[in-house]
Amino acid sequence: MQEQQYTAKDFKSDQYVRWCPGCGDHALLNSLQKAMAELGIPPHMTAVVSGIGCSSRLPYYMNTYGFHTIHGRAAAIASGLKVANPAITVWQISGDGDGLAIGGNHFIHALRRNVNINIVLLNNRIYGLTKGQYSPTSPRGFVSKSSPYGTVEDPFRPAELAFGARGRFFARCVDVDSPCSVEVLKASARHKGASVVEVLQNCVIFNNGSQSALATKELRAENAIYLEAGKPMLFGKDHDKGLVQDGFGLKVVRLGENGVTEKDILVHDPHCEDNTLHMKLALMEGPDFPVALGVIRDVQAPCYDEAVRAQIEEVKAKKREHTLEEFLHTGDTWEIK
Amino acid sequence: MANEHLVKELDQVVVRFSGDSGDGMQLAGNIFSAVSAVLGNDISTFPDYPAEIRAPQGTLSGVSSYQIHIGGDKVYTSGNKCDVLVAMNPAALKVNVKNITPQTIIITDADSFTDKDLEKAQYATKDPFTELGINNTVIDVPITSMCRESLKNSGMDNKSILKCKNMLALGLVCWLFDRPLDHAMQMLNTKFAKKPDVATANIKVLTDGYNYGHNIHASVPTYRVETKGEKRKGIYRDVNGNAATAYGLVAAAEKAGLQLFLGSYPITPATDILHELAKLKNLGVITVQCEDEISGCCNAIGASFGGALGVTSTSGPGLCLKSEAINLAVIAELPLVVVDVQRSGPSTGMPTKSEQTDLLQAMFGRNGESPLVVIAATSPTDCFDSAYMACKLALEHMTPVILLTDGYIANGSAAWRIPSLDEYPEIRPPYVTPEMREGWKPYRRNPDNFVRYWAVPGTEGFMHRLGGLEKDFSTSAISTDAVNHQKMVVTRRNKIEKVADCIPLQEVLGDKDDADLLIVGWGGTFGHLYDTMRTMRADGKKVALAHFKYINPLPRNTEELLRKYPRIVVAEQDMGQFAGLLRMRVPGVDFKQFNRIKGQPFKVSRLVEEFTKMMEE
């Protein structure tokens with residue numbers, strides 16, 4: 001495959017982008033087009049499938065094959081597309097409501113089956129298109145139009161759900177952080193099997209500021225950690241804070257304090273089969289912990305679309321009948337002369 | 001009954017095997033129908049089984065039956081009341097007393113008529129025959145003990161031995177109808193190929209049953225159903241409606257040169273379509289057993305978008321769940337075949353019993369103006385042709401097609417001449433061609449039939465976006481323009497109406513020129529309505545039958561033919577859904593109705609009686 005054969009412009013459609021000014025979807029759209037260009041997969045070999053919601057309008061803005069489907073069902077439609085036409089690189093765009101509420105069942109089963117699709121989960125923790133109801137990722141007590149006194153339920157944490165469904169690839173980025181977004185989107189496409197990229201996204205209208213702790217480069221330096229395979233888990237503007245294992249959990253330490261050196265710091269291994277540490281990293285929250293960004297887990301496993309084809313070939317090799325007529329003439333038949 | 005041995009020649013005969021749901025009645029029935037078909041008899045079968053896998057043993061709710069109608073000439077239904085009833089226990093006898101006539105020969109297992117058995121089947125007295133008013137010839141055979149005796153040296157445990165009881169009954173019935181056992185033996189050897197001991201045991205019991213019949217032959221007559229009439233030459237096999245549906249889908253995919261993709265979720269009585277297709281991996285079929293009904297439909301839509309022949313199979317409750325996704329295929333104008341094997345409703349209803357109550361759901365059960373093609377298969381073997389046509393119309397007209405079958409024809413089987421695919425019309429989907437590339441839009445249409453063109457992902461230069469939002473007629477971009485919406489609604493309707501150019505005209509059978517009564521039916525009731533018409537004509541009445549397979553659009557000559565007859569009765573297994581649809585499509589015609597929704601096939605005698613009364617009014 002020739003890299004850099006395309007530019008982001010090759011992936012832009014002629015449609016006017018209609019998201020609210022300042023919506024995080026704009027930034028993600030640009031990052032996705034840039035990632036696609038860098039991946040070098042031609043637009044006609046790419047399909048973007050979405051459900052319903054603000055972010056699900058995204059396919060209309062792509063100059064690829066696209067399908068804006070129905071609420072919650074993007075994963076099921078993307079699965080069918082990938083299994084039927086494995087040559088196509090299939091992206092799924094879903095919001096937190098689309099992917100985790102109405103589409104929760106399809107989301108977990110796509111991961112369990114490990115269909116080779118790239119799921120981009122835009123998590124703004126709110127229903128935007130229906131104008132401001134709490135979503136399955138809104139925190140307990142969240143006040144919204146449908147929860148004027150605060151919610152009395154706990155949210156899903158997407159990573160926890162993904163790992164519970166045997167997710168083999170999980171990455172996270174912040175909408176406005178284009179370099180990181182482009183990198184994780186590319187990594188998710190290169191991963192063979194179902195991948196999830198959780199995009200922490202700001203809804204300027206109904207949930208503004210939900211990502212304020214991560215909104216700028218400076219804030220992210222302090223409040224987030226960029227995980228890289230083989231690199232020690234260091235963060236902070238001076239790169240002097242790190243993560244170590246502490247009993248069953250993780251702990252933030254400072255280099256040079258209490259004799260801590262870089263050797264004590266955990267080194268990231270996204271390819272480790274055991275997801276225990278991946279889970280711990282993915283669930284870190286401020287203010288005590290940095291939010292993990294980058295590729296948290298990336299493990300190979302047989303993927304469904306390939307296995308389906310392989311099984312067909314296997315059975316074809318074993319059985320002599322390869323057309324319906326050949327098959328119908330086997331077994332219990334009789335002739336009338 | 002005479003006491004000397006008789007061989008009776010019959011034109012047709014109905015045999016019903018019934019017993020506990022663990023007694024193997026379905027297998028016995030199945031083998032008997034195959035054995036008869038091999039001799040050239042025509043067959044039609046009706047498995048009638050409970051929803052419970054193993055209801056409490058010996059109870060009324062656990063009775064499982066399998067009815068076979070055998071004819072020397074063509075048979076159209078699985079038959080009315082039976083000529084021979086095998087009742088393996090008192091519960092089976094009680095449940096089936098409504099299915100016998102005074103002439104029916106009853107074979108019972110003498111060993112299973114103990115006080116305890118009678119109690120389980122809720123008899124009030126110790127004499128079930130008197131209690132039920134049965135005065136028939138009863139061949140009372142100690143089936144259980146004979147089976148034990150037959151296999152006492154087999155080394156099998158008691159439980160395994162008793163599993164062979166059905167073969168003793170089958171052997172007796174084979175003797176009664178003078179059927180050689182070799183084909184049955186061959187079937188058992190194939191079925192138990194991996195368990196040769198079990199095959200040997202079954203064959204031994206089968207043979208002993210047959211010989212027992214021989215030894216008592218003085219007390220009952222035996223029957224012979226001779227093959228008559230010219231049967232079409234060819235290779236035949238036994239096929240039920242679900243298998244025929246599966247094969248029809250494969251045939252269409254092969255003819256169209258497309259990958260067949262089934263997205264499905266298990267549901268009675270449609271699951272066998274998934275089973276059949278899952279076996280056919282050697283024919284390149286992809287089956288995905290999805291996480292739910294919605295996913296089954298959505299996977300199929302995704303596959304169609306990807307350039308495959310996307311199919312989903314289900315029954316009524318599943319069709320409810322798929323509605324929203326089907327509507328997506330309507331507005332996205334993608335090919336999709338939805339097979340709905342109708343069962344009794346509403347809700348879970350009676351899962352193993354048959355009805356025709358999903359007609360209007362298939363027609364209208366979606367939001368918005370949502371036209372699509374509806375086809376109803378008319379018999380087990382017609383499921384093949386109907387499935388083929390459903391695929392052809394879906395692919396060539398870029399539309400979802402709902403194929404309605406029902407539990408009765410899905411599980412019922414018949415002898416089927418294996419067709420050659422050369423006999424079937426070509427399937428040519430409207431693919432984009434390179435010369436369309438300049439300025440191409442996904443909703444640009446063929447002006448003759450309003451069908452849009454199909455650009456499969458992977459095709460260079462035809463990238464496009466589809467979706468559930470209304471699109472502009474010319475630019476294919478999202479549109480909320482008022483005039484455009486009206487235009488798109490009308491266009492989608494016209495596109496489906498144009499399908500009528502590609503389906504046959506409606507045929508009228510019987511006294512089509514001068515009938516005093518036109519019987520109108522649709523779907524799986526064809527056999528019963530046809531027999532009804534024949535019976536009434538034999539009685540000197542002027543009767544015709546118009547049995548519809550194409551429901552939407554209706555054949556072009558529908559209105560003309562319906563306005564021709566002085567009396568019309570629409571007979572269906574619902575409360576008048578097709579009659580209602582016809583009133584809407586052909587206003588001003590007086591449609592009388594005959595509606596039965598008992599979960600059981602029509603009874604021809606009852607139809608004759610009712611229709612005759614209507615003719616006298």
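Mentor: The part to begin with is A:Arg125, which sits in the loop between strand 4 (117-123) and strand 5 (126-127) of chain A; helices (H or I, at least four residues) and strands (E, at least two) are DSSP runs, numbered from the N terminus. The model is predicted, so local features need pLDDT of at least 70 and side-chain atom pairs count only at pLDDT 80 or more, while totals for chains, interfaces and linings use all residues. Residues are numbered from 1 along each chain as its sequence is written, chains are lettered from A and ligands numbered from 1 in the order in which they are written, and side-chain values use heavy atoms, with hydrogens and water left out.

The backbone of A:Arg125 has a phi near 60 degrees, a positive value in a residue other than glycine. Most residues other than glycine have a negative phi, and most peptide bonds are trans. A:Arg125 counts as partly exposed because its relative accessibility is 30%; buried means under 20% relative accessible area, exposed over 50%, and partly exposed in between (1.4 Å probe, protein chains only).

B:Gln122 belongs to the loop between helix 3 (115-120) and helix 4 (128-132) of chain B. With a relative accessible area of 56%, B:Gln122 is exposed.

Two cis peptide bonds in chain B also deserve attention. One joins B:Thr268 and B:Pro269, with omega about -5 degrees, and B:Pro269 is found in the loop between strand 10 (260-264) and helix 11 (271-279) of chain B. Another joins B:Asn552 and B:Pro553, where omega is also about -5 degrees; B:Pro553 is in the loop between strand 21 (550-552) and helix 19 (558-562) of chain B.

Consider next the helices. In chain A, helix 2 (residues 74-84) is mostly covered, since 11 of its 11 residues are buried; among them are A:Ile77, A:Leu81 and A:Lys82. In helix 5 (residues 143-150) of chain B, the buried residues are B:Ile143, B:Thr144, B:Met146, B:Cys147 and B:Ser150. Seen down the axis of helix 5 of chain B, these residues fall within an arc of 165 degrees, so they line one face of the helix; the arc is that of the directions from the helix axis to the C-beta atoms. The buried residues of helix 5 pack against strand 6 (100-109), strand 7 (138-141), helix 6 (158-162), helix 7 (165-176) and helix 9 (196-215) of chain B, where contact means heavy atoms within 4.5 Å.

At 40% relative accessibility, B:Pro180 is partly exposed. Leaving aside residues up to four places away in sequence, B:Pro180 touches B:Val35 and B:Leu39.

Between the chains, the contact takes 73 residues from chain B and 55 residues from chain A. The area buried between them is about 5,300 Å², of which carbon and sulfur atoms give 65%; buried area is the accessible area (1.4 Å probe) that two parts lose on being put together, summed over both. B:Asn282, B:Glu291 and B:Arg465 supply 14% of the area that chain B buries against chain A, more than any other three residues.

On a 1 Å grid over the protein atoms alone, a pocket is an open set of points with protein on both sides within 12 Å along at least five of seven lines, a cavity is a set of points where a 1.4 Å probe fits but cannot get out, and lining residues have an atom within 4 Å of a point. Grid points are joined across faces, edges and corners, and a volume is the space filled by probe spheres set on the points. The second largest pocket is lined by 50 residues, of which B:Lys74, B:Thr378, B:Ser379, B:Thr381 and B:Asp382 lie nearest its centre. Elements that each supply at least two residues of this lining include strand 3 (42-48), helix 15 (382-397) and helix 18 (526-538) of chain B.

The largest cavity holds about 50 Å³ of space. Its lining includes B:Asp406, B:Tyr408, B:His528 and B:Phe602.
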